[in-house]
Amino acid sequence: MKQSIVHIALVVKDYDEAIDFYTKKLNFVLIEDIHLPEQDKRWVVVAPPNSTGTTVLLARASKPEQENFIGNQTGGRVFLFLNSDDFWRDYNEMTSKGIEFVRKPKKMDYGMVAVFKDLYGNLWDLLELNSDHPITKRIK
């Protein structure tokens, strides 16, 4: 059996501002942006450059109760983990584009890590995992 997680849904306030942030500030690639008139929504998918794994589905809040979770999908915990092949390149570029890092870069047993906020306040880890880390071995 082979299975994989294809998308992670991220609740956003506005499709266009989310696309702008992910493509211009994080350099993600816009994979799909399809209007679904019968549901009055869009199917918007982004992914890190050169990524072949899980993508992020930007899902606009469609009910008032969903709006409460914009920027706080995990109750203040780090929500998503962006692995890089060059931590310092990406950290410096993100910082120059105004990305707010709430935890400074730190060398850990598993590699380099720093925590940043997305445009709504969700917390992300920017990582460069060591070459011997089990995840690194899976994605090569």
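**Salt bridges and the sheet**

Author: Let us begin with E93, which at 28% relative accessibility counts as partly exposed; buried means under 20% relative accessible area, exposed over 50%, and partly exposed in between, with a 1.4 Å probe and protein chains only. This is a predicted model, in which local features need pLDDT of at least 70 and side-chain atom pairs count only at pLDDT 80 or more, while totals for chains, interfaces and linings use all residues. Residues are numbered from 1 along each chain as its sequence is written, and side-chain values use heavy atoms, with hydrogens and water left out.

Reader: Which residue forms a salt bridge with E93?
Author: That is K97, with the closest N and O atoms 2.9 Å apart; a salt bridge here is a side-chain nitrogen of Lys or Arg within 4 Å of a carboxyl oxygen of Asp or Glu. K97 is partly exposed too, with a relative accessible area of 25%.

Reader: And how many salt bridges does a search of the whole structure find?
Author: The search finds 6, and one of them joins the side chains of D16 and R42 at 3.0 Å, N to O. D16 lies in helix 1 (residues 15-25) and R42 in strand 3 (residues 41-47), so this pair ties together parts that are 26 residues apart in sequence. Helices (H or I, at least four residues) and strands (E, at least two) are DSSP runs, numbered from the N terminus.

Reader: Which residues are linked with D16 in a network?
Author: D33 and R42 are linked with D16 in a network of salt bridges.

Reader: What about K24, is that exposed or buried?
Author: K24 is exposed, at 56% relative accessible area, and it forms a salt bridge with D20, the closest N and O atoms being 2.9 Å apart. The two are 4 residues apart in helix 1, which puts about one helical turn between them.

Reader: Changing topic, what order do the strands of the sheet have?
Author: The open sheet of 4 strands has the order 1-4-3-2, with mixed pairing, where two strands pair if DSSP finds at least two bridges between them. Its edge strands, strand 1 (7-12) and strand 2 (29-36), each pair on one side only.

Reader: In which sense do strand 3 and strand 4 pair?
Author: Strand 3 and strand 4 (residues 55-60) pair in the antiparallel sense over 3 bridges, and V44 stands opposite L58 in strand 4.
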